[in-house]
Amino acid sequence: MSATVRQAWRATLQLVVAAAMAFGMYLFITVLLITAVATLAVVGAWMLPETVILIRRIAGAKRHQVAAWTGRAVPEAYQPIEGTLRERLRIAVRDPGTRTDARWMLAYYVYGALFLLAVPLWPLGLVVDGTRCGLLRRDALVLPLISRLADLDAHWSEALLKPSPGARLAERVEELTVTRADAIAAHGAELRRIERDLHDGAQARLVSLSLRIGLARRAYDSDPESARGLLLDAQEQAEAALTELRHVVRGIHPPILTDRGLAGAVRALAAAGGIEVAVDVSGLEDSDGPRPPAAVEAAAYFVVAEALTNAAKHSGCDHAEVHLTRTARGVAVRVRDDGRGGAEASGPAATPSTTGGSGLLGMRRRIAALDGHMTVTSPVGGPTVIEVELPCVW
């Protein structure tokens, strides 16, 4: 009986909050009427976007209340209201989320008073259920109805506040637009990096190699010993140029990924680092099924490489962990170090290079280009945890 009473009390509090919100909206209708009249009179058109923003906050509060009761988050999809007055008015009127919130508010004026139905259930339930549970040893009958009323309020609110398909589509289009822009920026930064590496490294060495071969050819007949020395220098320059070219190729797509797969490449990366790294692989060994697509492997590899480089250079840690996991939706990567933290808020790890191809920004862009998701947890004092989800079809 005590558990039933506690649950009924929780449901009553839920209904009280819902009723208070409904009463507030009864008062808020005055604001809506003033806004509508002022908008029609043109002079108060600036009030409409602000009123829509206020409605969004009210709907957001209801979403949080429903999520707290049901344990299920209620998503929202709004276009940001910003820009000139004309643009703000257009967004406020045309945003599908505005129509969703308006529909919910109209319905909530009616079912927001479910609390009134719960009030008479308390005295009736204490008598009936007290008798059933205390004397007859049977289950409660009346007080659970209060929980059902709270469930009904949450169910209706969740159904009405869910974004419409049009709103979700608009949000997805905006997300893909930003992702495409980031992918283009990351691609441009990568091309500039390759161009710079070729110009400053391999190209310079090849020019020096060509000059030495030319000098050796001219000195071959008159001074064979000098020509031999120039040829030895040319050979060293050729080997250095090959090394530079291999470095550039590894920056585009590490050959070790092709040869050893993601698990083997990450283990080699961990072994070559300046700190102790523990690698745990689940479901991504060669014997565990098909390999992820090359783009997914490359993105996961570069995330691990960048995270371990930042940990070794900037965090002051002496130990890190890398977890690679095959999931039903793709590949999950988790890198944790026990350093000083603060990677996202400040420090070199949070600052991308001038090309935008390194640091956390470069990692986010690379992941976003594949429609992946990345979260960074790095409180001051540590630890730093980077978690990445890369979708792919197995």
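Cys317 counts as buried, because its relative accessibility is 8% and the cut-off for buried is under 20%. Cys392 is buried too, with a relative accessible area of 13%. For readers new to the term, a disulfide is a covalent bond between the sulfur atoms of two cysteines. Please keep in mind that this is a predicted model.

**The overall picture**

Let's step back to the whole chain. The protein has 394 residues, and 39% of them count as buried. Its secondary structure comes to twelve helices and five strands. Among contacts with a separation of 6 or more, 69% are accounted for by residues 24 or more positions apart.

Leaving aside residues up to four places away in sequence, Leu262 touches Leu257, Leu284, Glu297, Ala300, Tyr301, Leu324 and Val331.

**Aromatic rings**

How many aromatic pairs does a search of the whole structure find? There are five. A pair of aromatic rings is described by the distance of the centres and the angle of the planes. Two of the pairs are set out here:

| Pair | Centre to centre | Angle between planes | Arrangement |
|---|---|---|---|
| Tyr108 and Tyr111 | 5.0 Å | 75° | edge-to-face |
| Tyr301 and Phe302 | 5.8 Å | 80° | edge-to-face |

Why are Tyr108 and Tyr111 separated by about one helical turn? The reason is that they are three residues apart in helix α4 (residues 96–111). Are these two tyrosines buried or exposed? Both Tyr108 and Tyr111 are buried. Tyr301 and Phe302 are buried as well. Ring pairs also join Tyr108 and Tyr111 with Trp104 and Trp156 in a cluster.

**Regions from the record**

The unreviewed UniProt entry lists residues 15–48 and 106–128 under "transmembrane region". In the model, the span 106–128 is 78% helix and 0% strand, and its end C-alpha atoms lie 36 Å apart.

**A look at Val5**

To finish, here is a residue at the start of the numbering. Val5 has its place in helix α1 (residues 2–40). This valine counts as partly exposed because its relative accessibility is 26%. Which residues does Val5 touch, not counting those up to four places away in sequence? They are Trp122 and Leu143.

Notes. Residues numbered from 1 in each chain as written. Predicted model: local features only at pLDDT ≥ 70, side-chain atom pairs only at ≥ 80, totals over all residues. Heavy atoms only, no water. Phe/Tyr/Trp six-rings, centres within 6.5 Å; stacked < 30°, edge-to-face > 60°. Helix = DSSP H or I, 4+ residues; strand = E, 2+ residues; numbered from the N terminus. Buried < 20%, exposed > 50% of the residue type's maximum accessible area, 1.4 Å probe, protein only. Contact = heavy atoms within 4.5 Å. UniProt positions renumbered as here; feature names shortened; annotations may be inferred.
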